[in-house]
Amino acid sequence: MFTRTDDEAHMRAALALAARGLGNTWPNPNVGCVLVRDGRVVGRGWTAPGGRPHAETQALARAGEAARGATAYVTLEPCCHWGRTPPCTDALIAAGVARVVVALRDPDPRVDGGGLGRLAAAGIAVEEGLLAEDAARLVAGFILRQRERRPLVTLKLATTLDGRIATRTGESQWITGPEARRLAHALRGTHDAVLAGSGTVLADDPELTCRLPGFSPRPNLRVVADARLRTPPTARLFAGPADTHGAVLLATRPGHPEAALTPLVAAGARILPVAEAPGGGLDPAELLRALSAEGITRLLAEGGAGIAAALLRAGLVDRLCWFHAPAVMGGDGLPAAQPLPVELLAAMPKFRRVAVTPCGPDLMSEFERP
C-alpha cells in the first residue's frame, strides 16, 4: 500500500532521472521512469541520447518479471503511437504493471491523453498530475515546440556589474573567472543547441562546445546567425571531426551566390535559410521556427549584444542566466544588449529571479519570464 509521500518520493526520483537527458534527447522529450513493487524499486530508466530507447522500455528491461504488479512512475504520459519504437503503453500493458502514475500529459497531438486512455482500458489504475509543475519545467522546450513551434530560449550573459561585455577596444576574454566558465559549459551541456551571432564568431572565435567531462554524449548543435555571411571557413567552429564537435548550422538570408556558400559548406556548415527582419538582420521568430523544424527544443543564446537585443525585443527569451563579475567598466564599454529601444518603464522586458549561484568571485543569477 503506497502513501502520497511514497508516491512523491518515487516521482522525484523519476524527475531526477529525466534531468539526465537534458540536451541529449531532442527532438524527443527527456523522460524518467521508476518501477516499484512491494515498496522496492525494481527498475529505472531515462530517455537515451537521440530519444530512444524510451524511459519506460529501459525501466521494464531492467525490471524483467519483477515489473508484473508494479507501479510505474513516469514524468510524461507514455506514448501510444508507433514511431521508430513501439508504443510505451503497449510495453507497460504487456509487462503487467498494475498502476501508472504520470506527472504530466504529453502535449503531442499523437498522444495527449491517448496513452492514459489506453492504459485505463487495459485495466491499469492511472493517476495524473503528481508534481506536474516540476515535470513541465523539465520538458518546457518540448512543450513549446509542440504548442508554439519554437524551442525554449535561454539567454546567457557574462558582464561586469554595470552590464558591459567588452571594453571599447573589444577586449572581452575573460570578464568572468574559471568557475563561472565551467558553469557556462554546463549550460551548453543541458541545451540541444548553442546560438551565437557572426560578430561574436569574428571577435572571439569560439568553439561553442561543452568541454566538461560527463556532459554531452550527443554533441550539441552550434548555430551561427549570420545574415551577411561573414563567418570565415577557418573559424574554430569547424575544427575537429563532426562526431566530436557536432554539426554547425549557418543561419543566413536566402539569395547568397553559390560561390559564397561553397567554402562554408566544405568547411562543415549546413546552410539554414532564414528570412530577414524588416530592420535588418535575421528575423528571430523565423530563426526559432527553423530551429524547431530541425528538432531543437532547448536553445542557449550566448551572444552577442545584437542577438540578445533581437530576442528580447521579440519577447522570445524564456530564461536568463546572467553571470556578473565584481568589476565596473564604465560607459565606454560595450553593453550586453543593443538598443531595444525602451521609452517607458512598462515596456521593459521583465523577469523574476529564481536562483542565485556563487561561482568563485562571480555570481550567476537565473531568471524566468513571468
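Trainee: Where is the place of L229?
Mentor: L229 is in the loop between strand 9 (221-225) and helix 9 (242-245). Helices (H or I, at least four residues) and strands (E, at least two) are DSSP runs, numbered from the N terminus. Before we go on: this is a predicted model, where local features need pLDDT of at least 70 and side-chain atom pairs count only at pLDDT 80 or more, while totals for chains, interfaces and linings use all residues. Residues are numbered from 1 along each chain as its sequence is written, and side-chain values use heavy atoms, with hydrogens and water left out.

Trainee: What phi does L229 have?
Mentor: A positive one, about 60°, although L229 is not a glycine.

Trainee: And is L229 buried or exposed?
Mentor: Buried, because its relative accessible area is 17%. The cut-offs are under 20% relative accessible area for buried, over 50% for exposed, and partly exposed in between (1.4 Å probe, protein chains only).

Trainee: What about phi of D112?
Mentor: It is near 40°, again a positive value in a residue other than glycine. D112 lies in the loop between strand 4 (99-102) and helix 4. With 44% relative accessibility, D112 counts as partly exposed.

Trainee: Which peptide bond is cis?
Mentor: The one from W26 to P27, with omega near 5°. P27 is in the loop between helix 1 and strand 1.

Trainee: OK, packing. How many residues has the largest nonpolar core?
Mentor: It has 40 residues, and M11, L35, L60, L92, V97 and V100 have the most contacts inside it. Helix 1 (residues 4-19) gives the most to this core, with five residues. A nonpolar core here is a set of buried Ala, Val, Leu, Ile, Met, Phe, Trp, Tyr and Cys residues joined through side-chain atoms within 4.5 Å.

Trainee: What is M11 in contact with?
Mentor: Leaving aside neighbours within four places in sequence, M11 is in contact with Y73, V74, T75, V101, V102, A103, L130 and L131. Contact means heavy atoms within 4.5 Å.
Mentor: Apart from that core lies another, of 33 residues, among them L195, L272, L312 and L316.

Trainee: Now the helices. How do the axes of helix 2 and helix 3 cross?
Mentor: At roughly 25°, with the axes of helix 2 (residues 55-63) and helix 3 (residues 88-95) coming within 9 Å. Axes are lines fitted to C-alpha atoms, for helices over the stretch in contact, and angles run from 0 to 180 degrees between N-to-C directions. Helix 2 and helix 3 are therefore roughly parallel; the classes are under 35 degrees for roughly parallel, over 145 for roughly antiparallel, 65 to 115 for roughly perpendicular, and oblique for the rest.

Trainee: Which residues make the contact?
Mentor: E56, T57 and L60 from helix 2, with C88, A91, L92 and A95 from helix 3.

Trainee: What else do the buried residues of helix 2 pack against?
Mentor: Besides helix 3, they pack against strand 1 (32-37), strand 2 (40-46) and strand 3 (71-74). The buried residues of helix 2 are A55, E56, Q58, A59, L60 and A63. Just after helix 2, G64 takes a positive phi of about 60°.

Trainee: And how do helix 3 and helix 4 cross?
Mentor: Their axes come within 9 Å and cross at roughly 20°, which makes helix 3 roughly parallel to helix 4. T89, D90, L92 and I93 of helix 3 meet G115, R118 and L119 of helix 4.

Trainee: What does L119 touch?
Mentor: Not counting residues up to four places away in sequence, L119 touches P78, T89, L92, I93, V100, I124 and V126. L119 lies in helix 4 (residues 114-121) and counts as buried at 0% relative accessibility.

Trainee: Last one: where is T159, and what does T159 touch?
Mentor: T159 is in strand 6 (residues 152-159), buried with a relative accessible area of 0%. Not counting residues up to four places away in sequence, T159 touches R164, I165, I175, W322, F323, H324, A325 and A336.
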